[in-house]
Amino acid sequence: MRSYLFDTIYPKAPKMISTENIALNQNTFDEDFTELHYRDLIRLAVKGYRVASYGDIPWGERFLLWRHDIDYSLNRSLALAKCENKEGLKATYFFNPHSNFYNIAESEQHALIKQILNLGHDLGLHFDASFHNVSSEQELNQLVCQEADYLQSLFGVRPLAFSFHNPVAELLKCEEDEYGGLVNCYSNRLKSDVTYCSDSNGYWRFRRLHDVLTESKDHCLQVLTHPGWWQKDQMAPRQRIFRSAYGRAAATMNCYDAGLQKHGRMNHTGELVALQFLKLSNPETYRLCDYLWNTEDFKTLYLTLWNILEGQVNRICRVQLRTVWNIPEVEINTFFEQLHLCSDGIVLFKEIFGQKLWDLAGKMEKDHLKWVNLRGSIIRGYSSTNPEKSKIGCLYMCQLIFKLGEYGKRQVFNYDGLRAEEEVLVQKMDSTRRTRFASNRWKDLKKHINVKGKEGE
Ligand SMILES: [Zn+2]
């Protein structure tokens, strides 16, 4: 069934793949690993094959086994399980009790697995032999049985089959049909009689599944996909795993915060309390700042906070121009495109609101300029920049952003400028506002800002 070229170059390429095999396909086809493409694959599979269960393999007939080794993400697993359920495909999900990436006994994660099983999918054991240092088939029998008992105690059903996590050559010599009462996905029979197609490492190492299913020439198929590789949008394999791992880390921190809140305990964050306001206004930005603070990367945090402040100033100014000065959107857009001429948001804010930003934080201009200078020295990479000074600067920036947010909320448009939602606000206010186009102020502003910009060139 393979092409002549394939057999000539790789005459000994086995049906069943081991990690020792040299990958024949280095093309990653990132675009293949989206949920949408996954759905298409499921549709092809259901059309071309009878989908079988490991508990009842119809040997001698044309069938397909659809297997998931869960290495990285239970959330991604549930997303695929839902898609399969909708398209009428029953898969088997192999969970690893020793995973570094998830914990099957943790209540939220446990609930995800229950949901997958409730969708009608089968349970399998992803067996990590290296954890036990398995040295004989007898030991393998005992340990597979022991772990199957554990899964059964957690989920109320016994796994039907097991697959090796990282199947090294030594393990692939264990070729019996079953061990510990569970079907062995790497049995001699499955290896020799059933064509295997896997997405290991986030790409099709041998044949592309889409091609295998479209050609539909193989009599029997065992498809292995790892849900961590499948995301909503296309991205490189490492990025897919990054998102799974860091998404879980963020959920763990949320769990800590929510736990304290639920029980009315103090959440002692140290000076990081200065950032708390951002948690409600803009959780994504807060997560980034929280990370930078806790890893003590104060210089990067300092620049990030400046970036937040400048964006906040811009958004609040735009809303003021749209709703209070009644300036047409197209004029404002053109004006803001030219704003690179302007030194920073402080000038803009002063021109539009007649207020000095540092006044909001109860500071003097010279204090503020000190922090502007620190920003410059960090951007230019001066090694003499004291990290402790950056930390104090971060606290100043937090105060400034917070105060500006409060100021924005006191205005007629009631907006802190921390999320890009000025468009919604403007539309909401459009029907009620009665102000007239402040054409003279607008002309003055454009003139003034431009003159300042040209002076600075
Ligand atoms: Zn694995």
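In which strand does C220 lie?

View 1. C220 lies in strand β8, where strands (E, at least two residues) and helices (H or I, at least four residues) are DSSP runs numbered from the N terminus. The model shown is predicted, so that local features need pLDDT of at least 70 and side-chain atom pairs count only at pLDDT 80 or more, whereas totals for chains, interfaces and linings use all residues. Residues are numbered from 1 along each chain as its sequence is written. C220 is buried because 22 other C-beta atoms lie within 10 Å; a residue is called buried if 20 or more other C-beta atoms lie within 10 Å of its own, exposed if 12 or fewer, and partly exposed in between, with C-beta atoms placed from the backbone. Leaving out residues up to four places away in sequence, C220 touches R62, F63, D193, V194 and T195, contact being defined by C-beta atoms, placed from the backbone, that lie within 7 Å.

View 2. The protein contains 19 helices and eight strands, and 32% of its 457 residues count as buried. Among contacts between residues at least 6 apart in sequence, 72% join residues at least 24 apart. The largest nonpolar core has 57 residues, and those with the most contacts inside it are A45, L64, L125, V144, F162, L182 and L221; such a core is a set of buried Ala, Val, Leu, Ile, Met, Phe, Trp, Tyr and Cys residues joined through C-beta atoms within 7 Å. Apart from this core lies another, of 35 residues, among them L301, L309, C317 and I327.

**View 3. I42 in helix α2.** I42 is found in helix α2, which covers residues 35–48, and counts as buried because it has 22 C-beta neighbours inside 10 Å. Not counting residues up to four places away in sequence, I42 touches C83, E84, E87 and L89. The C-alpha atoms of I42 and K86 are separated by 9.9 Å, although these residues are 44 apart along the chain.

**View 4. The packing of α12 against α17.** Helix α12 (residues 298–323) and α17 pack at an angle of about 20°, with their axes 9 Å apart; the axes are lines fitted to C-alpha atoms, for helices over the stretch in contact, and angles run from 0 to 180 degrees between N-to-C directions. That angle makes α12 roughly parallel to α17, given that angles under 35 degrees count as roughly parallel, over 145 as roughly antiparallel, 65 to 115 as roughly perpendicular and the rest as oblique. The contact includes L301, L305 and L309 of α12 and M397, L400 and L404 of α17. By class, this contact has 15 nonpolar, four polar and two charged residues, where Ala, Val, Leu, Ile, Met, Phe, Trp, Tyr, Cys and Pro count as nonpolar, Asp, Glu, Lys and Arg as charged, and the others, Gly among them, as polar.

**View 5. The crossing of α16 and α17.** The axes of helix α16 (residues 365–379) and helix α17 (residues 387–410) come within 11 Å and cross at roughly 130°, and the two helices are therefore oblique to each other. W371, L374 and I378 of α16 make the contact with K389, S390, G393 and Y396 of α17. By class, there are four nonpolar, two polar and one charged residues in the contact of α16 with α17.

**View 6. L357 in helix α15.** L357 lies in helix α15, residues 357–360, and is buried, with 23 other C-beta atoms within 10 Å. Leaving aside neighbours within four places in sequence, L357 is in contact with I346, F349, L400 and L404. The C-alpha atoms of L357 and V313, 44 residues apart along the chain, are separated by 9.4 Å.

View 7. Most residues other than glycine have a negative phi. N166, in the loop between β4 (161–164) and β5 (178–179), has a positive phi near 50°, and this residue counts as partly exposed, with 13 C-beta neighbours inside 10 Å. S216, found in the loop between α8 (209–215) and β8 (220–225), has a positive phi of about 55° although it is not a glycine; S216 is partly exposed, with 14 other C-beta atoms within 10 Å.

Definitions and conventions. Two residues are in contact if their C-beta atoms, placed from the backbone, lie within 7 Å.
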